[in-house]
Amino acid sequence: MQQLEPLEPDSLRGALEALLLVSTDAVSAATLAKQLGVTPGEAADALRELSREYAQANRGFQLREVAGGWRLFTHPAYHQQVEDYVLSWDHRKLSQASLETLAVIAYHQPVSREGVRAVRGVSSDGVINSLREKGLVRVVGKDENQATLFGTTTAFLEGFGLRSLGDLPPLEDFAPDEQSKQFIRERLSGQSMEGTLQDAADDMDEEQELLEGGEDDEQE
């Protein structure tokens, strides 16, 4: 297998790789260029060079330009291995922060990072990224301000032994007292919890039907 060209610590391509590894969404060449103090053209050329280099080396990941930006992806050829690996993880070993964040997303999806922060009181960006890597949380769209919205996955239901989101117990059942119940009501006000869960469940059912329909078409 072809070896990647070694990069100096202060090289532009090395810096781009580092930024892309911690980015959860596609990032434009202009944004990366501004962060690194180079021109957009220099950043774009370096990104294209990295993309070609990964492809020629047949790596397990790819650098692709999508939605006006650049993002690292796992190679489609290894989709099944990645899916099997994620589903094999023991979700019972989630940290307290992960469980809290997952609960907020599960009960109030679709929800943005800022929405999760509003409930937890602290930044949850890193935790959300970890939950996405574990296959428990997914991007479901964007709100009117173009903020990324998150929801749970089928793997979340399977990992926690749920048939659907409707099987989630009422969140207020976990409140130790009436004051805590009121706090939950106020934080999650705006749309009824039952309505939110039903909408999310319907979306997941629709996606599953589309996937199954696609498989039937391929078999025909």
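The model is predicted: local features need pLDDT of at least 70, side-chain atom pairs count only at pLDDT 80 or more, and totals for chains, interfaces and linings use all residues. Residues are numbered from 1 along each chain as its sequence is written, and side-chain values use heavy atoms, with hydrogens and water left out.

**Overall make-up**
- The chain has ten helices and five strands. Both are DSSP runs numbered from the N terminus: helices are H or I with at least four residues, strands are E with at least two.
- Of its 220 residues, 32% count as buried. Buried means under 20% relative accessible area, exposed means over 50%, and partly exposed lies in between (1.4 Å probe, protein chains only).
- Contact means heavy atoms within 4.5 Å. Among contacts with a separation of 6 or more, 51% join residues 24 or more positions apart.

**Nonpolar cores**
- A nonpolar core is a set of buried Ala, Val, Leu, Ile, Met, Phe, Trp, Tyr and Cys residues joined through side-chain atoms within 4.5 Å.
- The largest core has 19 residues; Leu102, Ile105, Leu131, Phe156 and Leu168 touch the most other members.
- Helices α5 (96–108), α7 (125–133) and α8 (154–159) each give two or more residues to this core. The largest share, five residues, comes from α5.
- Leu131 touches Leu94, Ser98, Thr101, Leu102, Leu136 and Val137, not counting residues up to four places away in sequence.
- A second, separate core has 14 residues, including Ala33, Ala43, Leu63 and Trp70.

**Helices α1 and α2**
- Helix α1 (residues 12–21) packs on helix α2 (residues 29–36) at an angle of about 115°, with axes 11 Å apart. Axes are lines fitted to C-alpha atoms, for helices over the stretch in contact, and angles run from 0 to 180 degrees between N-to-C directions.
- The two helices are therefore roughly perpendicular, a label for angles of 65 to 115 degrees.
- Leu12, Ala15, Leu16, Leu19 and Leu20 in α1 meet Leu32, Gln35 and Leu36 in α2.

**Phe73**
- Phe73 sits in strand β2 (residues 69–74).
- Its relative accessibility is 22%, so Phe73 counts as partly exposed.
- Phe73 and Gln62 are eleven residues apart in sequence, but 5.2 Å apart in space, C-alpha to C-alpha.
- Leaving aside neighbours within four places in sequence, Phe73 is in contact with Gly60, Phe61, Gln62, Arg64 and Val66.

Note on methods. Angles under 35 degrees count as roughly parallel, over 145 as roughly antiparallel, 65 to 115 as roughly perpendicular and the rest as oblique.
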